[in-house]
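I set out to look up the salt bridges in this model. My entries follow the structure.

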Amino acid sequence: MYDWLSDSLNNSGTVVTGNRRLARALGEHFAAEQLAVGKKAWRSSDIVAWQDWLVSLSNNAIHPEDLPTRINAQQSQVLWERCLQREVGDGPNIRTLVRLSRETRQRLADWQVSISDVARSALSEDHRVFASVLGRYLAILERENWVDEAGLGTLVLQLILDQRIELSRHYTFVGFERQRPIMTAIHDAMIDAGITVTTAPVAEPKDQCSLRYFDNSAAELRSAGAWARQQINRNPEARIAIIANGLERNSEIIVRQVREGATPGWQHGHQSLYNAVNVSYGRRLSDFPAIAVALLLLRWLVGELSSTDVGVLLRSPLLGEETASRSRFELRLRQLPSRRWTPSMITAELRSQGDGGNAGDWAARLAAFSKRRRELPKSAAPAEWAVLIDDVLRSFAWPGHDSLDSADFQLINRWRELLNEYARLGLVSSTMSPRAAIARLDTMASDIVFQPESVNARIHLMGSLEASGLRFDGTWISGVTTANWPPAGAPSALVSRRLQEEHGMPDCTPADTLRYARRVLGSLVASGDRVVCSYSLTEDDAEQTVSDLLTPLLSGIPASPADSGLYAATLLDNVVAITVQDRVPPVAAGEKISGGAGTIQRQIRDPVTAFIHGRMGARLIYPQAIGIPASMRGNLIHDALYKLYIDLPASDVIRSWQGEELAARVEAAVDFAFARHERNTDAVLQQLLLLERQRISGLLHEFVAVDGSRGKFKVSGVEGTFEFVAGNIRLPLRFDRIDTFDNGEIAILDYKTGKTKQLVGRDQEAQEIQLFVYAFAADAVVSALALVNVDSREIAFDGVGRGYTNVDDWPDLLRRVKEQITTACNELAGGDVRINIEQGIVTARSLNLLTRYTELRHDNG
C-alpha cells in the first residue's frame with residue numbers, strides 16, 4: 001500500500017507528512033511491515049508531521065541560546081487580541097477577527113509575503129487596519145525575541161542556510177496538496193546542503209470509480225456506512241475511508257447516519273460498535289460533558305449561575321460523592337423562581353429546606369468552595385491560576401470516581417495538557433484578574449477541537465483534506481455535487497486580492513480554486529483500491545447534480561441502490577409479543593408508601609399511577625420555573641394562613657379582627673410566608689414578590705371576612721399530622737386545619753389554591769378522596785369536611801356535613817366512601833397495576849413511557 005515507505009526510511013531517512021493523521025498511519029504501517037517479516041525489535045521510524053518537524057529542527061539547532069523563544073497558539077492568540085483591541089476595541093467579534101488574522105498571518109508566512117508588501121497593497125480600510133495590526137504584532141515578536149508557529153518555517157530556513165541544523169541524509173515529503181513557497185525554499189536549501197529530498201510517488205487510480213446517487217443525503221450516508229460494513233465483512237483487515245463534505249459543520253448528523261449503516265444498533269450495542277467508526281473531526285473541547293461541567297463550576301468561582309446551570313452541577317455525577325440527595329434538592333430548586341445564584345446562596349437554601357444533612361458531602365464541598373471564592377487573589381500569574389483551578393476541581397472529586405475508558409482517559413489528559421498550555425501564558429501575560437483568568441481558560445477550551453483516537457477502527461470518516469496522502473482498501477467519496485466540487489474559494493479577506501494574485505496564494509483566482517479542487521478530487525479517487533463516489537438528488541430542498549470534475553474519472557453507468565434504511569425500522573418485522581408472568585407483589589409489612597391520601601385517589605382513578613408514584617416513589621420532573629410558579633404561590637398562601645391562625649382563634653375572635661389589628665395580623669402572616677423567599681433575590685424577582693405580597697394580603701383580608709361569617713367554631717389545629725392505617729398500608733397525612741364544634745366533633749379543612757375543586761359531585765359521589773381519608777384517620781368524630789378554595793377570583797368553602805349539607809345524609813355518604821377507600825386499599829395492597837384506558841391522553845402523557853397508554857389505547861381500538 002505504501003511501497004515506497006521502507007526505502008525512504010532506510011539509512012536514517014526521514015518522512016515528513018502534511019498532517020499528523022498521515023504520520024500516525026504511516027508509522028502503524030511501518031510497524032506492521034516489521035512484524036510481518038518476523039522482526040521483534042527495530043529502529044523507530046522517523047515519520048513526523050510538517051509543523052512538528054519544524055519544531056524539532058528548531059529545538060535541536062546548534063547554539064540555541066540566541067534563538068527566539070517559540071510561543072504556542074494560545075500565547076499567540078493573546079498577542080493578537082491585544083493588538084486588535086488597540087486598533088478596533090473589544091467588540092463581540094474579536095475572537096473571529098483573531099482567528100482570521102492568525103490564518104492570514106500563517107498564509108502570508110507560507111507564501112513569503114512581507115509586511116511591507118501587505119501595507120503597500122492595502123486597498124480598503126480593513127486591509128489597512130490588518131496591516132497595522134500585523135505590524136504591531138510582528139514588532140512585539142521582534143522586540144521580545146519570540147517566534148510564533150507561522151514564523152517557524154522562516155526560522156528553520158535561515159538555520160539551514162546558516163548550517164546550524166544537523167539534517168538527516170534523506171527526506172521524503174508526502175501528503176501536501178499545495179506546494180507552499182516556504183516549503184520550496186527549505187527543499188532548495190536542503191538540496192544545496194547536499195541532502196537528498198524526494199516526494200513520495202503520487203498514487204494512480206487502480207480502476208475508475210463507480211457513481212451512485214440517492215434521494216437525500218441521509219440515505220447516501222447510511223448507504224456509505226453499509227458499503228463499508230460489507231467491505232469489512234469480506235476482509236476484516238481492510239481499511240475503509242468515507243469522505244464527507246461539511247464534517248466540520250455537521251459532524252454529529254453525518255456521524256450518526258454513517259454509523260446507522262456501518263454498525264446498525266450501535267445506540268444500544270457494545271462499545272465496540274461505536275468505536276468501529278473513527279471520526280477524524282471532533283468536537284470543541286468545551287462541548288464534552290466532563291469539560292463543560294468543569295468550566296461551569298469554574299465560572300461559579302468568579303460569578304453567579306442561573307438556576308438551570310446550578311441544576312446541571314447538582315445532577316452531575318462528575319462532582320462530589322453521593323448524588324441522590326442532590327438530585328432531590330435540584331427537583332425542589334426547579335420549583336423556585338429562576339434567579340442568579342452564588343454558592344453561598346445555594347448553601348443557605350440547602351439549610352433552609354433541611355437538606356444540609358442529607359447532602360452533607362456536597363454542602364461541605366460547597367462551603368469550602370465559597371470560602372475559596374471569597375479569598376481569591378485580585379490578580380495572579382497564569383501558572384498560579386492553573387494550580388488553583390486544578391485544586392478546585394480536585395476538591396469536588398472531578399471527574400468522578402468511576403474508572404475511565406480509553407476515550408475519557410484521552411479527554412482528561414487533553415484537559416491536563418490544556419492547563420499546562422494555560423500556565424505558559426505567563427510569557428505573554430504576567431497576571432490576570434479572576435474573571436479574566438476563567439474567561440481565558442473558557443476561550444481556550446472552546447477553540448480546541450478534540451477527537452479521541454479509536455483503537456483498531458477499520459472504518460475512517462474524514463474530510464477531503466484529511467485524507468491527503470492516505471491509502472485505503474476502499475474509499476467512498478460522498479457529496480460529489482456541483483455545489484461541493486469545486487468548493488467555494490476562500491481567499492483572505494484581510495489582504496488585497498491583487499497581492500494574493502501576485503504571489504499565487506490559495507484561491508486567489510477561480511482558476512486556482514478549480515485546479516486545486518481537481519487535484520484533491522483526483523487524489524481521493526486514487527486513495528483506494530476500490531472507489532465509490534456518490535451524491536444526493538436533493539439537499540436542503542435544492543436539486544443537485546453530479547460535479548463535472550468527476551466525469552473523467554467515472555466508469556460504468558450511475559446506479560441508484562436502495563436506501564439501507566434505519567435499523568429501528570427493521571425491528572418492526574421481528575416484533576413478537578410475549579406475555580411475561582411477573583406480577584407486582586403485595587404490599588409487605590413495613591413497606592413505605594409515599595404520596596399520602598393522593599395515592600388512594602390515584603388507585604381509584606388509575607391504579608398503575610398509584611403503584612408508580614406510591615410504591616415505586618417516582619416523581620415527575622418539572623422544568624425550571626420562570627417567575628413565581630403556581631406551587632410556590634400555593635405554599636405562600638398556606639404559610640400565611642398557618643401564621644394567621646397559629647393562635648387557634650374561635651370564630652367570634654376572628655370576627656373581632658378589624659381595622660388596624662387585622663392589617664397588623666395580615667402583615668405579620670405575609671412577612672412570615674415571604675421571609676425566606678425574599679432573601680437572595682435579584683431586582684426582577686423582588687418586584688414579582690412585591691406584587692405577590694399585595695395579592696396575598698388582599699386574599700387574607702377577604703378570607704378572614706368569609707371565615708368569620710360562618711357558624712360558631714374554634715380552630716383547634718393547623719398544619720398537623722396523623723396516620724392512616726389499612727392493613728399493611730400506612731400513609732402519613734398532613735392536614736391544613738381542624739375546627740372543633742361545641743359538641744366536640746370536628747371539621748377538617750383543606751386549602752386549595754389552584755383550579756377550583758368540588759368535594760362531592762351533583763350525584764353525591766366523592767370527587768376528592770383526600771379529606772375522607774383524613775376523616776377515617778382522625779381520632780375524633782368528624783361531622784364535616786370542606787375544601788377551601790383560595791383564589792383571586794373567589795374565596796369559597798365547598799363542604800359536606802354540618803354547616804354545608806343535610807346532616808342526615810352525612811352517615812350514608814361516609815359509609816359509601818369508606819367502602820370505596822377500603823376497596824382501593826385492598827387493590828393497592830394486592831399489587832393492582834391496571835391502566836385506566838378511558839382517561840385522556842393529556843392525563844396519561846406524563847407516564848406514557850412506563851404505562852404504554854398510547855399503544856394500549858391503539859390496540860383497544
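The entries below concern salt bridges and their surroundings.

Entry 1. I note at the outset that the model is predicted. I looked up the total and found that the structure holds 51 salt bridges.

Entry 2. I turned to helix α6, which spans residues 115–120. Here the side chains of Asp117 and Arg120 form a salt bridge, at 3.3 Å from N to O. The two residues, Asp117 and Arg120, are three apart in the helix, which means that about one helical turn separates them.

Entry 3. I next examined Asp390 and Arg416, whose side chains meet in a salt bridge at 2.8 Å, N to O. Asp390 belongs to helix α18 (residues 382–395) and Arg416 to helix α19 (residues 406–423), so this pair ties together parts 26 residues apart in sequence. I then checked accessibility. Asp390 counts as buried because its relative accessibility is 16%, under the 20% cut-off. Arg416 counts as partly exposed, at 28%.

Entry 4. I recorded a salt bridge between the side chains of Arg665 and Asp647, with an N to O distance of 3.9 Å. This pair links distant parts of the chain, 18 residues apart: Arg665 sits in helix α28 (residues 659–674), and Asp647 lies in the loop between α26 (630–644) and α27 (651–656). Arg665 is partly exposed, with a relative accessible area of 28%. Asp647 has a relative accessible area of 60% and is therefore exposed, the cut-off being over 50%.

Entry 5. Finally, I looked up a network of salt bridges. It links Glu765, Asp812, Arg815, Arg816 and Glu819.

Definitions and conventions: Residues are numbered from 1 along each chain as its sequence is written. This is a predicted model: local features need pLDDT of at least 70, side-chain atom pairs count only at pLDDT 80 or more; totals for chains, interfaces and linings use all residues. Side-chain values use heavy atoms; hydrogens and water are left out. A salt bridge is a side-chain nitrogen of Lys or Arg within 4 Å of a carboxyl oxygen of Asp or Glu. Helices (H or I, at least four residues) and strands (E, at least two) are DSSP runs, numbered from the N terminus. Buried means under 20% relative accessible area, exposed over 50%, partly exposed in between (1.4 Å probe, protein chains only).
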